[in-house]
Amino acid sequence: EREKYQIWIKNNEPDEKQLEEQKNTKFKIEPKFSLVVPMYNTPVNFFEELVDCLINQTYSNWELCLADGSPKENEEIKPILEKDERIKYKFLNENKGISGNTNEALKLATGDYIALLDHDDLIPRFCLYELTKTINEHPDVEFIYTDEDKIETTQATRRDPHFKPDFAIDTLRSNNYITHLSVFKKELIKDFRFLSKLWYEDFNFTTKILFNTDKISNISEGFYHCNCGHESTMNNNNSKKNLDM
């Protein structure tokens, strides 16, 4: 199955020439994306990969909004924070949990659309381009979600793709199939905050908001890479618990 998936990637995702063409594309609508990330004892190698994947995006109108609930500031991440002026970082002096840390990161956001990421995950170089393309094709869209897969160490180890169906609220009520990448128009979420605990945050937040819009798009071109390596939040229950203490 992994071999078949690698063939799918080669046949369906842009090559270097196409990525270069994306950089030179001018859109009628050029939205600003605020990528919101709660942090807690974030491994330096994961954080640098996240920052680099954003810097290398073929669409450049973005900002990274970080709220760090770690017990103390990590001096090793400071040079990474200085890599790009689009990075906004706030050290909280306390851990407010995933919900509270996300709320603090949301306060930094000035973009037209809010994208929610975990601190150890990645998006491909063409992700923001494809989101922008979708917004230009559907200017009234208020919520976009993408397909996703898993990575173990690098993007070269991608596996277990999750090709998601079109939006259906009844399906969502019984199965949280949306998860990441979730992108909300800022006006849609301005009156909402993350309130719940542990693994329910994304599900509760998403379902509450989606009762307030039917302007929804599902795209397969903007993959989200969920880190399932040994040190990742997904495979470390203690890390997940600590983040929400």
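Glu48 is partly exposed at 31% relative accessibility, where partly exposed is the range between buried, under 20% relative accessible area, and exposed, over 50% (1.4 Å probe, protein chains only). This is a predicted model, in which local features need pLDDT of at least 70 and side-chain atom pairs count only at pLDDT 80 or more, while totals for chains, interfaces and linings use all residues. Residues are numbered from 1 along each chain as its sequence is written, and side-chain values use heavy atoms, leaving out hydrogens and water.

The side chain of Glu48 meets that of Lys83 in a salt bridge, at 3.0 Å from N to O; the term requires a side-chain nitrogen of Lys or Arg within 4 Å of a carboxyl oxygen of Asp or Glu. Glu48 is in helix α3 and Lys83 in the loop between α4 and β3 (87-91), so this pair ties together parts 35 residues apart in sequence. Helices (H or I, at least four residues) and strands (E, at least two) are DSSP runs, numbered from the N terminus. Lys83 is also partly exposed, at 37%.

By this rule there are 17 salt bridges. Another one joins Arg158 and Asp149, with the closest N and O atoms 2.7 Å apart. Are these two buried or exposed? Arg158 is buried at 6%, and Asp149 is buried at 1%.

Next, Gln57, in the loop between α3 and β2. Gln57 is buried at 6% relative accessibility. A polar atom of the Gln57 side chain lies 2.7 Å from the backbone oxygen of Pro124, and one lies 3.1 Å from the backbone nitrogen of Leu128.

Conventions. A polar contact is a pair of N or O atoms within 3.5 Å; within protein, one must be able to donate a hydrogen and the other to accept it, and residues adjacent in sequence count only if both atoms are side-chain atoms.
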